[in-house]
Amino acid sequence: MSAQSSRRSFLGYAAAGFSTLALSRLAQAQPTTEPPPRTAQIEHAVTEPVSVEVNARPIPNFEPRDRSRVRFGQLQYRSGLVLTSPYRGFGGLSAIRLDAKGERFLAISDQGGWFTGSIRYSGGKMIGLDDVEASPMLNSEGRPITEKRFWYDTESLARDGNVVYVGLERVNQVLRFDFAKGGTRARGEVLPTPPAVRKLPSNKGLEAMVVVPKGQPLAGALIAFSERGLDADGNLVAFLIGGPSPGQFSVRRTEKFDISDAVLLPSGELLILERKFSWFTGINIRIRSIPLKSIAPNALVDGPALFAADLGHEVDNMEGIDAHVTPEGETVLTLVSDDNFSMLQRTLLLQFTLVE
């Protein structure tokens, strides 16, 4: 078996959150359609602000089997990095937001931590990260949110200028931070949400959020998507919080994909990053496009897939997506993976150009 095939097999097992090969083999002997939920743990929580050394190894080809291929659906591969760090709390990255230049980033770990820094480029390709800092996410009392039971599964991130929203999947709450008051040292306040948000499955709840800017339909709304909260018809539940027409709507669920993250493009196109897992095929990811104008209370929205990939490609547990526009007018998508703090998984940073 080749090294690449071995890595793909291990990656499929590790998506369940196991940390040992023995447990992976046991699970392989008992096929299922989804990985077991991760156990409650915060041993990788960031405890204090700290500078972090992050090493980057380039990924020259997205599909190792065909190194000449750069086009994948409506995406064209630009560059990628495998990120590692001696800092124990680095990993578990579940969402990322970039500045307009695609350089400065704000990311969150699913164990209640912030990560900030800059992406370093050469010739339009990512080559490393600079000035990375980790900080604990603070509650309204200025204490790490992880001190409160189950307040650590920070999975979704939305930004509106200095206002930053973070969704906690385990307890299905949203925290609002004003970065004008200390940046990542700002204190989070609980945002009122519809009662139905609290009824989402505790480990399949709030997984993606976007803020609709001025000039777009639904301007001012926070759109929050569940990972796998299902309505009566088996479709994925989502919410319009605030804005001109708050309410609940659904995203059509197909092929057993769940939502990982979302990004709203200036064109009014909402891109949803999705994934699914099985012991037979490992991890599959795709990106769907949904017109923002189709979203309304009680609506069922759907859209075509622009991109799909599996373990034959350089993917892992892809959980975050964002976009920026280059000076040349190209829309660049950035994806990040959650390694579950597992030795069998990787933290990947991937970039693609959206091709019309």
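**Close-up views of a predicted model**

In strand β24, L350 is the bridge partner of L335. This is a predicted model, in which local features need pLDDT of at least 70 and side-chain atom pairs count only at pLDDT 80 or more, while totals for chains, interfaces and linings use all residues. Residues are numbered from 1 along each chain as its sequence is written, and side-chain values use heavy atoms, with hydrogens and water left out.

**View A. Strand β24 and its two partners.** Strands, like helices, are DSSP runs numbered from the N terminus (E, at least two residues, for strands; H or I, at least four, for helices). Two strands pair if DSSP finds at least two bridges between them. Strand β23 (residues 331-337) pairs with β24 in the antiparallel sense over 5 bridges. Strand β4 (residues 75-84) also pairs with β24 in the antiparallel sense, over 8 bridges, and there L75 has L354 as its bridge partner. Buried means under 20% relative accessible area, exposed over 50%, and partly exposed in between (1.4 Å probe, protein chains only).

**View B. The largest nonpolar core.** A nonpolar core is a set of buried Ala, Val, Leu, Ile, Met, Phe, Trp, Tyr and Cys residues joined through side-chain atoms within 4.5 Å. The largest one has 28 residues, of which F62, I287, F307, L335 and L350 touch the most other members. Strand β24 supplies the largest share of this core, 4 residues. Contact means heavy atoms within 4.5 Å. Leaving aside neighbours within four places in sequence, F307 is in contact with F62, F72, L75, I285, R286, I287 and F352. A second, separate core has 22 residues, including A208 and V301.

**View C. An open sheet of 5 strands.** The order is β13-β14-β15-β16-β20, and the pairing is mixed. Strands β13 (206-211) and β20 (300-301) stand at the edges with a single partner strand each, so one side of each is left without a neighbour in the sheet. Strand β16 (residues 247-251) pairs with β20 in the parallel sense over 2 bridges, and V251 has V301 as its bridge partner in β20.

**View D. Two loop residues with positive phi.** N172 is not a glycine, and its phi is positive, near 50°. This residue is found in the loop between β10 (163-168) and β11 (173-178), and N172 is buried at a relative accessible area of 1%. L218, also a residue other than glycine, has a positive phi near 70°. L218 is found in the loop between β13 and β14 (222-230) and counts as buried at 11% relative accessibility.

**View E. The lining of the largest pocket.** A pocket is an open set of points on a 1 Å grid over the protein atoms alone, where a 1.4 Å probe fits, with protein on both sides within 12 Å along at least five of seven lines; lining residues have an atom within 4 Å of a point. The largest pocket is lined by 26 residues, and R97, L98, R159, D322 and A323 lie nearest its centre. Strand β22 gives the most to this lining, with 4 residues.
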